[in-house]
Amino acid sequence: MRSHPSGPPPERGLFCNRTLNLRAIKAVGYDMDYTLIHYRVEAWERRAYEYIRDRLVAQGWPVGDLTFDPGLAIRGLIIDTEKGNLLKANRFGIVKKALHGTRPMDFEAQRDEYASTLIDLHERRWVFLNTLFSLSEACIFAQLVDRLDAGQLPGSTPMGYTDLYEHVRKNLDATHMQGRLKAEIIADPERYVIDDPETPLALLDQRHAGKKLLLITNSEWAYTEPMMHFAFDRHLPGGMTWRQLFDVVIVSARKPEFFTTRSALYEVVEVGGEALLRQHSGPLKPGTPYFGGSAVELERHLGLSGDQILYVGDHMFGDVHVTKDVLRWRTALILRELEDEVRAIAGFRATEARLGERMEHKERLEAESCQLRLEQQRRRFQYGPRSDTPSEAALVARQAELRTELEALDAELGPMARAATELSNPVWGLLTRAGNDKSHLARQMERYADIYTSRVSNFLFATPFVYLRSPRGSLPHDPSLPGGTPVFPSSDGGGGGLLGPDTGE
């Protein structure tokens, strides 16, 4: 573990939505992809994109010239499959930014399309980008919308945007089913995997603190074993392997169905270099990988349930939402992009302070302008109290002065406000913000993730015995900086989760 004499950098913090006493957690379950193992996003998604594109070319689609655009989509966006749009919505489901295909929609077009629409993810029309694996899918769909609008896609009958999305989805699924992409990753993991020797150490700490460790992944055994070997075994002590680290290993789990339904459980048996399946009954054996099964069966084996188990994953719905909603497990969301987001916010702090100060000044001028309008109205209709301003002409003159000042302020504020909306990504801005509000992703994080952080190894900074306390819930009338000590203090005293003495909860 690297030394951090003044504490970890703020972007490596554990951020707490709901108080969590890690000492009370008896088992910690982990997803694998983008949780225990982090990929070089652009490299992985570019290859996934190219596989989808090449399948379409083989089907006669004239799309061989398309290339992956890593900035076109971010996690937390929503695909409107009916309209062919990429959307960013706020916590209320109100669309704040939209692209039609790859082209930004102007304000009027966006208002006409979505002014009376609230996004409800229960409707099939909306597809939420839950994970970084969604970026290639969103990118090629948006580019194909442009081609569809230009009449450049094949087909004897007109294809709708929903048909187009289903075709992209089918080819994406086929790409993963064929396994060629994953074979590439296995053959050259250095190219695709970000090495993090601190993650195995964090899990060793948890294991030796008495917690049972669970690996529950949708990846198949033929991919899980070599990837975990590459990421873990060289960083474990004394010839230990990753399989000895986990009490239970479940592959091809079919999340989210693993958490909501019951399915047969099979033991993965390795015979002559091949992985075969044998139906299993009875207790689970440590170090033995299993295929399928269900969370109910796992809870029975562990003798644990509900808030005794913490599940850690990167998929907003399949890892976090369902486990919280159905099983009442404690939840941790891994959001690797959070590190860039926190750094971007910190780098913008001086401009943000200037923006805030000038906005306060603008609000004062606007308040005075509104009061003058009310004064003129009362004089015109001869009712209510009046100010000491002697004449209508003086009121009009002051209004003109305020208008000039406000126009100058708007010219000053415009570039700063635009820069605020372009942090991290020039098209979409911050993952957790939509305009001046929380994004739809942030709302789901707040509701379903007890804690969130950028990577599993951040648990090292807090230890397996930490008591994480959430900040006091905020409402518009609350103080802007609630009291409390941040778990990982930043230079200005801001922070996320809170540390305090153990109260035995």
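Is L99 buried or exposed? At 1% relative accessibility, L99 counts as buried, where buried means under 20% relative accessible area, exposed over 50%, and partly exposed in between, with a 1.4 Å probe and protein chains only. The structure is a predicted model, in which local features need pLDDT of at least 70 and side-chain atom pairs count only at pLDDT 80 or more, while totals for chains, interfaces and linings use all residues. Residues are numbered from 1 along each chain as its sequence is written, and side-chain values use heavy atoms, with hydrogens and water left out.

The protein chain contains 16 helices and 22 strands; helices (H or I, at least four residues) and strands (E, at least two) are DSSP runs, numbered from the N terminus. Its C-alpha trace spans about 100 × 70 × 40 Å along the principal axes. Of the 505 residues in the protein chain, 50% are buried. Contact is defined as heavy atoms within 4.5 Å. Among contacts in the protein chain between residues at least 6 apart in sequence, 74% join residues at least 24 apart.

L99 belongs to strand β7, a member of an open sheet of 5 strands. The strand order is β8-β7-β6-β5-β9, and the pairing is antiparallel; two strands pair if DSSP finds at least two bridges between them. Strands β8 (103-104) and β9 (126-128) form the edges, each pairing on one side only. Strand β6 (residues 85-89) is joined to strand β7 (residues 95-100) by 5 bridges in the antiparallel sense. Within this pairing, L86 has L99 as its bridge partner, and L87 has A98. L99 and L86 lie 13 residues apart in sequence, with a C-alpha to C-alpha separation of 5.1 Å. The hairpin formed by β6 and β7 has 5 residues between the strands, and G93 in its turn shows a positive phi of about 85°.

On the other pairing of β7, 2 antiparallel bridges connect this strand with β8, and L99 stands opposite P104. These two strands also form a hairpin, with 2 residues between them and a positive phi of about 65° at G101 in the turn. Not counting residues up to four places away in sequence, L99 touches L72, G84, N85, L86, P104, M105, V427 and W428. Helix α2 (residues 107-114) lies across β5 (78-80), β6, β7 and β9 and runs at about 105° to β7; axes are lines fitted to C-alpha atoms, for helices over the stretch in contact, and angles run from 0 to 180 degrees between N-to-C directions.

In soluble globular proteins, nonpolar side chains tend to be buried together. A nonpolar core is here a set of buried Ala, Val, Leu, Ile, Met, Phe, Trp, Tyr and Cys residues joined through side-chain atoms within 4.5 Å. The largest such core has 105 residues, of which Y30, L144 and F246 touch the most other members. Helix α3 (residues 135-149) gives the most to this core, with 9 residues. Leaving aside neighbours within four places in sequence, L144 contacts L56, W61, V63, L66, L153, L164 and V168. Another core, of 20 residues, lies apart from the largest one and includes L284, L302, L304 and W329.

Helix α1 (residues 41-58) and helix α5 (residues 180-187) have axes that come within 10 Å and cross at roughly 145°. The crossing is right-handed, a crossing being left-handed if the near helix is turned anticlockwise from the far one by less than a right angle, and right-handed if clockwise. On α1, W44, R47, A48 and Y51 meet R180, L181, E184 and I185 of α5. By class, this contact has 5 nonpolar, no polar and 3 charged residues; Ala, Val, Leu, Ile, Met, Phe, Trp, Tyr, Cys and Pro count as nonpolar, Asp, Glu, Lys and Arg as charged, and the others, Gly among them, as polar.

Several backbone features were also identified. Most residues other than glycine have a negative phi, and most peptide bonds are trans. Y34, although not a glycine, has a positive phi of about 60°. Y34 is located in the loop between β3 (27-30) and β4 (38-39) and is buried, with a relative accessible area of 2%. S424 likewise has a positive phi, near 75°, and lies in the loop between α15 (392-421) and β18 (433-434). With a relative accessible area of 45%, S424 is partly exposed. The peptide bond from K255 to P256 is cis, with omega near 5°, and P256 is found in the loop between β12 (248-251) and α10 (257-260).
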